[in-house]
Amino acid sequence: AGLLNLATNRLAVWMIFHPLKYWACPGLAFKPPPEGSPFGLVGWQGIVPAKVRKMGTRVVQMVTGMPGRPGLIDVEAVFKRLDAEHMAALIAPGLREKLVLIVQMV
């Protein structure tokens, strides 16, 4: 009984995070479930990967705040503490590379 319990618990924890993309039984042509739903008729996607957009949105709202509700950090105060010249020096090298690629594409 203990081994069966261990196996089912391991499977349950694995299914929370895996698979990252919706997986359906091979040969069955059912369309994937709606976004945010981990299970379809004959397929599965991990609960966390299926709800990543919703969970990410909630985390950002909790940290930065929502209208009428303060967040965990004051984003404006954090940006005021940054040294603009130092940040520009850090960003400039990578930005130049990206700008060259963008100009070549256009």
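Helices here are DSSP runs of H or I with at least four residues and strands are runs of E with at least two, both numbered from the N terminus. The model is a predicted one, so local features need pLDDT of at least 70 and side-chain atom pairs count only at pLDDT 80 or more, while totals for chains, interfaces and linings use all residues. Residues are numbered from 1 along each chain as its sequence is written, and side-chain values use heavy atoms, with hydrogens and water left out.

On that basis, the chain comes out with five helices and two strands, in the order α-β-β-α-α-α-α from the N terminus. Its radius of gyration, taken over C-alpha atoms, is 22 Å, whereas a compact globule of 106 residues would come in near 13 Å; that rule is 2.2 Å times the number of residues to the power 0.38. The C-alpha trace spans about 65 × 40 × 30 Å along the principal axes.

Burial is scored by relative accessible area: under 20% is buried, over 50% is exposed and anything in between is partly exposed, with a 1.4 Å probe and protein chains only. Of the 106 residues, 9% count as buried. The chain exposes about 9,200 Å², and carbon and sulfur atoms supply 69% of that; the areas come from the Shrake-Rupley method with a 1.4 Å probe. As for contacts (heavy atoms within 4.5 Å), 33% of those between residues at least 6 apart in sequence join residues at least 24 apart.

Next, the charges. There are 12 positive and 6 negative side chains, and the centres of the two sets lie 18 Å apart. The partners are Glu-76 and Lys-80, with their closest N and O atoms 3.4 Å apart. Both sit in helix H4 (residues 75-81), and because they are four residues apart there, about one helical turn separates them. Glu-76 and Lys-80 are both exposed.

A cis peptide bond joins His-18 to Pro-19, with omega at about -10 degrees. For context, most peptide bonds are trans. Lys-21 has its place in the loop between H1 and S1 too, and it counts as exposed because its relative accessible area is 69%. Leaving out residues up to four places away in sequence, Lys-21 touches Trp-44 and Gln-45. Lys-21 and Ala-84, 63 residues apart in sequence, have C-alpha atoms 40 Å apart.

Finally, Ile-47 lies in helix H2 (residues 47-50) and, at 34% relative accessibility, is partly exposed. Between Ile-47 and Gln-104 there are 41 Å from C-alpha to C-alpha, at a sequence separation of 57 residues.

Conventions: Lys, Arg positive; Asp, Glu negative; His and termini not counted. Charge placed at Lys NZ, Arg CZ, Asp CG, Glu CD. Salt bridge = Lys/Arg side-chain N within 4 Å of Asp/Glu carboxyl O.
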